Amino acid sequence: MADGVPESLAGVGTTAIGVALIRARETDRDDRLYEDPYAQAFVDVAEREFLDPGSPEHAATWATVRQLVDAFYEARTIGVRITDDLLQDAVAAGCRQVVDLGAGLDTHAFRLDWPHPVHLFEVDLPAMFAFKEPVLRELGAVARCARSTVPADLREDWSGALPGLGFRETVPTAWEAAVLGFLARADAQRLVTVLTELSAPGSRLTCPQMSAAAVADTVRSVRGVERVRDAATPAERGLGPDAPKWLRALGWRTEVRDFGELARSYGRPQPDGVDAGVIVATLG
Ligand SMILES: C[S@@+](CC[C@H](N)C(=O)[O-])C[C@H]1O[C@@H](n2cnc3c(N)ncnc32)[C@H](O)[C@@H]1O
């Protein structure tokens, strides 16, 4: 973990804290695209740790996280709403399990209505849940569907724990996989190969398809960004530009939705410098 991050938050991705900041900011808007009543609490706890008196270095990192949030807010906040809608579409289409890969500090199980019985699994690194769960407990948050946490590294054996938690391979699953963009190409491909083996026909997979160069340009535009080591997404990450073709070879039917059109459908302008789409894949 970067030196500029307090020991108490080591292992909690600063990008996850950044997205919590984005959800808190959106929740405050009158014209909000979604409401996350838990996001501000995560931000408050993280901010206290960063601004703990005596560490100018941690305070500088926090300032950089805020600048990254400014740089990515417009695009990322629309991304949150897109994911919410795609997960709910998948459930409406018959998926009864949702797996949020790299769930971070998102609270889909708590903040969305699930009109059908759903079991939602959150997978992230153990340090993330060590931070997240006490905050949710303190808030008295109650999940609106069955919820299981899976503390695991997605580059290793993350799926072994699923059956014991009630995951069934015969039930169509909605996979939220934005985390692919944070994984090296080989790890991202291995992850999708494994989740495909766990997917019944009718399962859905959603992940953004974005230009690594555009993301890198935005990251570079933020002063002091080298303090936030997990912010960068180098070119050889994720499934890459051939993702739809690669997914089709595994049996997924793919559709790529244009990010700008989706943004406009929510009444928001297309964010500057975003060259992206959203892959929606259905198995079988
Ligand atoms: C951008 S963040 C959070 C995204 C989250 N979906 C949200 O909207 O807040 C990416 C998440 O992926 C997690 N992550 C990154 N690499 C991982 C890995 N190898 N195994 C498990 N989780 C990982 C990070 O811990 C972080 O929570």
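Helices (H or I, at least four residues) and strands (E, at least two) are DSSP runs, numbered from the N terminus.

A note on my source: this is a predicted model, where local features need pLDDT of at least 70, side-chain atom pairs count only at pLDDT 80 or more, and totals for chains, interfaces and linings use all residues. Residues are numbered from 1 along each chain as its sequence is written, and side-chain values use heavy atoms, with hydrogens and water left out.

I found 7 strands in an open sheet, ordered 3-2-1-4-5-7-6, with mixed pairing (two strands pair if DSSP finds at least two bridges between them). Strand 3 (146-151) and strand 6 (252-258) are the edge strands, each pairing on one side only. From one strand to the next, the twist averages 20°.

Then I followed one pair. Strand 5 (residues 204-210) and strand 7 (residues 276-283) pair in the antiparallel sense over 7 bridges, and Thr-206 stands opposite Val-280 in strand 7. I also saw helix 5 (residues 126-139) packing on the sheet, where helix 5 touches strand 2 (119-124) and strand 3 (contact means heavy atoms within 4.5 Å). The direction of helix 5 makes about 145° with that of strand 3.

Note on methods
Axes are lines fitted to C-alpha atoms, for helices over the stretch in contact, and angles run from 0 to 180 degrees between N-to-C directions.
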